[in-house]
Number of protein chains: 2
Amino acid sequence: MTAEFSIEAVLAALRSVLPSGKSFLPLHEPSFSGNEWAYVKECLDTGWVSSVGKFVDRFEEELAAYTGVKRAIAVVNGTAALHVCLLLAGVRSGDEVLMPALTFIATANAVSYCGAIPHFVDSEERTLGLDPHKLGSYLADIAELREDGCYNRLTGRRIKAVVPMHTFGHPVDLDPLCEVCGRFGIELIEDAAESLGSFYKGRHTGQWGKLSALSFNGNKSITTGGGGAILTNDEELGRLAKHITTTAKVPHRWEFNHDMVGYNYRLPNINAALGCAQLEQLPGFLAAKHELAERYRQAFSDMPGIRIVSEPADSQSNYWLNALLLDEECAGQRDALLKATNDIGIMTRPAWTLMHKLLMFAGCSKMDLSVAESLERRLINLPSSSGLMNNDADAHG
Amino acid sequence: MTAEFSIEAVLAALRSVLPSGKSFLPLHEPSFSGNEWAYVKECLDTGWVSSVGKFVDRFEEELAAYTGVKRAIAVVNGTAALHVCLLLAGVRSGDEVLMPALTFIATANAVSYCGAIPHFVDSEERTLGLDPHKLGSYLADIAELREDGCYNRLTGRRIKAVVPMHTFGHPVDLDPLCEVCGRFGIELIEDAAESLGSFYKGRHTGQWGKLSALSFNGNKSITTGGGGAILTNDEELGRLAKHITTTAKVPHRWEFNHDMVGYNYRLPNINAALGCAQLEQLPGFLAAKHELAERYRQAFSDMPGIRIVSEPADSQSNYWLNALLLDEECAGQRDALLKATNDIGIMTRPAWTLMHKLLMFAGCSKMDLSVAESLERRLINLPSSSGLMNNDADAHG
């Protein structure tokens, strides 16, 4: 028993949770123990692997049903989904888009693709996501409401949208955020790339945004190889999202007409086949991930200087990635802990570098980001695969 | 024997080539008779389906070897490949990019993604592709050479690049086009989406451009479900292409730093696995497609009012899609012929609607497009799958 933080104690706690006898434990690896083979083989046997096919339709229907939205549109990845969400929400060249500084690069890149400019917002420690109360106060200072929307008085640019990201699967505090959006006339788009299976006040994340984005990258809770989806409750936006992601081709028996600049963002049928098989297993994956999170929580419950991140009150998190948070006074140990764990084959990583510290976004507007900066100094992600407790052999050889 | 064009004669000729007993003959369907299942199964068994994996590396190496370029970078589709080719060739917002009016929408869309403006060029009937001689004369009229490049005197915009497209696999006349590019200081980017397996003067298409784009969409000669590739002989551009298509992440054991606005355009490993299996079969596919083209040629060799398109002299075409060309005086029969063939399950289609006729590109600059307009009136694509002669049952049920 020690009352002081030590890396050895952290390693011991990790070892008590993680399976022994594996030379490498990745941060997140997929599990293909369902109908993946059967569905992919059906694609190959029938020749339907590409841009149309029954698995795309089925995956879209099942995603919409699971997340509780009217329309889901399968696309090639989460970045493409975000790009189209922004376009269809009316984000235009020269607009500013609010987003957390603590996010994956895709959120900021998608804004750049629209010719728009990220504007960085602080996070709250409770959710690891965008802080709606701090945002509301900030906007009261810098925003000016004009006839065509909310403007940043400091830059003169329109603030068209806000894109909260549900960090590691933990839902942002959506109710107060919606209130802020309503007060300032700002469109809400949820970056739900990490939060399939996460619920806020009993409803699935992605239901609050005008449009929302999911990701099925190989490291996500379910995977299609690469893939994503756009969610919306607006039928007309759903129709437009399908149209613009499939080259905006006007249906005709043989003519090739397109009525706007569109994108080739459709998800191939073979990837959707994987998605259908994975979605069938999602409840099992989520149960396993909750169990793992609970074991981590117990292992670190009494340890000084460090704690495990738990789902916010009122929310049910998918626990996509578990995270440790060092106390501020132990933050100096972060890199030593990253090294010690990775050296013994337990893959860990810090938070993403905050967006405003990257060269291409260094000149963007930002509020005080002290909480995000503190989280960046203190956060470490842990191995979180749903199959982590079940495997005895190395899955990746 | 009739000396007049008739739809019945065309149908009889098609029936003499095409297999009987199939209720529907698509324009182009894939064939999975090689190692597709073994390689895809390996992805599922090892868990490597996503953004990294050995099939991506192998597919890139084998593509580079086959096409004779130094670097091939696998991406999510041909449109993404074109987008990155344009960006890396230095196309910037406000530039003009020359391209044939007779092309698939992806060529023009990719230019739009850069904030640049298409500028439409006429085709030559011999290759169905961009006419380099007509382009040279046109540029002599409208172009002005300044220190930083070629400018369009009529619009004041810089003309940064030209993107010929090898229509249905038939190579554009590249030597005179390169001469025009050199004379006017315009970058050459080949849209080789349709021309994997097509050679100009003994060298594979895609070797002439500073960068070139391939497509492996489901209707192409080989398919990865959805996919594409960037080809280049410039090692530094190849390195940059890989970097910018993989979110521009700077390699590090755990840190997430990105040094430019990048894209999530990487090809998933599971799709690359399909590509490796398909590429092994390409020689067989090409032989079958040549055989089919020859049968079409013979069936239409003596028919009045119509002819089959053959590969240009000096070139070896992959015959991705076979095409019929009506004589100008029979062009009025095109739609009746499209209807008659599609009505009996022989899928045919006309050329793409010319780009300058689409709403969003109607205001773009263009030269005289009389040959492209004539081709559009007269052209009909025919079923061209490599497996067309081998199958007895419906592949798509």
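**View 1. Two domains of chain A, with centres 25 Å apart.** In this predicted model, the C-alpha centres of domain 1 and domain 2 of chain A lie 25 Å apart. Domain 1 of chain A is built from two stretches, 7-29 and 280-382. Domain 2 of chain A covers 36-278. Where they touch, domain 1 of chain A gives 36 residues and domain 2 of chain A gives 43 residues.

**View 2. The side of domain 1 of chain A that touches domain 2 of chain A.** Which elements of chain A give two or more residues to this side? They are two helices, H9 (269-299) and H11 (370-378), and two strands, E15 (315-316) and E18 (365-366). By class, this side of domain 1 of chain A has 21 nonpolar residues, nine polar and six charged.

**View 3. Chain B against chain A.** Here 54 residues of chain B are in contact with 55 residues of chain A. Several elements of chain B each supply at least two residues to the side that touches chain A. Among them are helices H2 (36-46), H5 (105-113), H9 (269-299) and H10 (334-343) of chain B. Strands E13 (257-258) and E17 (349-350) of chain B also take part. H2(B) brings the largest share, five residues. This side of chain B counts 24 nonpolar, 24 polar and six charged residues.

**View 4. How the two copies are related.**

**View 5. An open sheet of four strands in chain B.** The strands of chain B follow the order E14-E16-E19-E17, and the pairing is antiparallel. Which strands of chain B stand at the edges? They are E14 (306-308) and E17 of chain B. Each has a single partner strand, so one side of each has no neighbour in the sheet. Strands of a sheet pair through backbone hydrogen bonds.

**View 6. Strands E16 and E19 of chain B, side by side.** E16 (residues 322-326) and E19 (residues 379-382) of chain B run antiparallel. How many bridges join E16 to E19 in chain B? There are four. Look for B:Ala323, which stands opposite B:Asn381 in E19(B).

Methods:
Residues are numbered from 1 along each chain as its sequence is written. Chains are lettered from A and ligands numbered from 1 in the order in which they are written. This is a predicted model: local features need pLDDT of at least 70, side-chain atom pairs count only at pLDDT 80 or more; totals for chains, interfaces and linings use all residues. Two residues are in contact if their C-beta atoms, placed from the backbone, lie within 7 Å. Ala, Val, Leu, Ile, Met, Phe, Trp, Tyr, Cys and Pro count as nonpolar, Asp, Glu, Lys and Arg as charged, and the others, Gly among them, as polar. Two strands pair if DSSP finds at least two bridges between them. Domain bounds come from an automatic or database domain assignment.
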